[in-house]
Amino acid sequence: RMMARKGAYLVPTLTVFDVLAKEGKGAGMDPFVLSKLDQVRQGTFRALEFAKKAGVKIASCTDIIGPFQHLKGREFALKGEVLSPMETIVSATRTNAELLCLEDHLGTLEAGKLADLIVIDGNPLQDLTLFEQGVKKVLLVMKEGRIMKNLL
């Protein structure tokens with residue numbers, strides 16, 4: 001509640017714990033460490049639930065680097081376990097822009113803003129896992145009005 005009153009943002013990184021907990025077993029991580037990771041993973045979901053209920057602004061990030069970068073889109077599906085699909089998408093677009101004080105330039109599709117957008121093969125409001133399948137499902141990427149990827 002204090003975060004909401006102060007206008008603070010929560011930037012959960014659900015993917016990092018999820019990937020480590022799920023992929024770590026195959027990477028030879030110690031079972032004790034894996035059980036701790038699962039406890040932390042569960043705690044991050046509870047924290048997200050508390051924050052949503054309190055009205056905290058929820059932004060988006062993954063903290064995933066290295067060999068698991070292709071799993072960054074998993075953050076959407078994980079966040080979607082607590083937030084609605086639209087709330088999840090807004091957290092990564094408009095809310096992130098507000099957090100970075102760039103809401104006048106990006107975060108929403110409006111005249112005068114940078115034309116950064118993606119077109120996905122499918123409806124992310126029905127299936128947030130589409131973001132994790134970015135290589136296959138992202139058909140168009142536009143950055144500042146220029147097409148960077150076009151599979152349409």
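Setting aside neighbours within four places in sequence, leucine 10 is in contact with Met3, Ala47, Leu48, Ala51, Val56, Lys57, Ile58 and Ala59. Contact here means heavy atoms within 4.5 Å. This is a predicted model, with residues numbered from 1 along each chain as its sequence is written. Local features need pLDDT of at least 70, side-chain atom pairs count only at pLDDT 80 or more, totals for chains, interfaces and linings use all residues, and side-chain values use heavy atoms, with hydrogens and water left out.

Leu10 belongs to the largest nonpolar core. Its ten residues are Leu10, Leu14, Phe45, Leu48, Ala51, Val56, Ile58, Leu78, Val82 and Leu83. Helix α3 (residues 31–54) gives the largest share, three residues. A second, separate core has seven residues, including Ile89, Leu130, Phe131 and Val138. A nonpolar core is a set of buried Ala, Val, Leu, Ile, Met, Phe, Trp, Tyr and Cys residues joined through side-chain atoms within 4.5 Å. Buried means under 20% relative accessible area, exposed over 50%, and partly exposed in between (1.4 Å probe, protein chains only). In soluble globular proteins, nonpolar side chains tend to be buried together.

## Leucine 78

Leucine 78 sits in helix α4. Its relative accessible area is 3%, so leucine 78 is buried. Beyond neighbours within four places in sequence, leucine 78 is in contact with Leu14, Thr15, Asp18, Arg41 and Phe45. Threonine 13 lies 65 residues from leucine 78 in sequence, with 9.7 Å between their C-alpha atoms.

## Overall fold

The chain has seven helices and five strands. From the N terminus, the order is α-β-α-α-β-α-α-α-β-α-β-β. Helices (H or I, at least four residues) and strands (E, at least two) are DSSP runs, numbered from the N terminus.

The C-alpha trace spans about 50 × 40 × 25 Å along its principal axes. Of the 152 residues, 33% are buried. Among contacts with a separation of 6 or more, 58% join residues 24 or more positions apart.

## The aromatic pair

There is one aromatic pair in the structure. Phenylalanine 76 and phenylalanine 131 are stacked, 3.9 Å centre to centre, with 15 degrees between the planes. The pair links distant parts of the chain, 55 residues apart. Phenylalanine 76 is in helix α4 (residues 74–79), while phenylalanine 131 is in the loop between β3 (117–120) and α7 (134–137). Rings of Phe, Tyr and Trp (its six-membered ring) pair if their centres lie within 6.5 Å; planes under 30 degrees apart count as stacked, over 60 as edge-to-face and the rest as tilted.

Phenylalanine 76 has a relative accessible area of 17%, so it is buried. Phenylalanine 131, at 15%, also counts as buried.

## Pockets

The largest pocket holds about 1200 Å³ of space. Its lining has 42 residues, with Phe76, Ala92, Thr93, Ile118 and Phe131 nearest the centre. By class, that lining has 22 nonpolar, 13 polar and seven charged residues. At least two lining residues come from each of α4, α5 (85–92), α6 (94–99), β3, α7 and β4 (138–143).

The second largest pocket holds about 200 Å³. Residues lining the second largest pocket include Lys52, Val56, Ile58, Leu83 and Arg94. The lining of the second largest pocket has four nonpolar, three polar and five charged residues.

On a 1 Å grid over the protein atoms alone, a pocket is an open set of points where a 1.4 Å probe fits, with protein on both sides within 12 Å along at least five of seven lines; lining residues have an atom within 4 Å of a point. Points are joined across faces, edges and corners, and a volume is the space filled by probe spheres set on them. Ala, Val, Leu, Ile, Met, Phe, Trp, Tyr, Cys and Pro count as nonpolar, Asp, Glu, Lys and Arg as charged, and the others, Gly among them, as polar.
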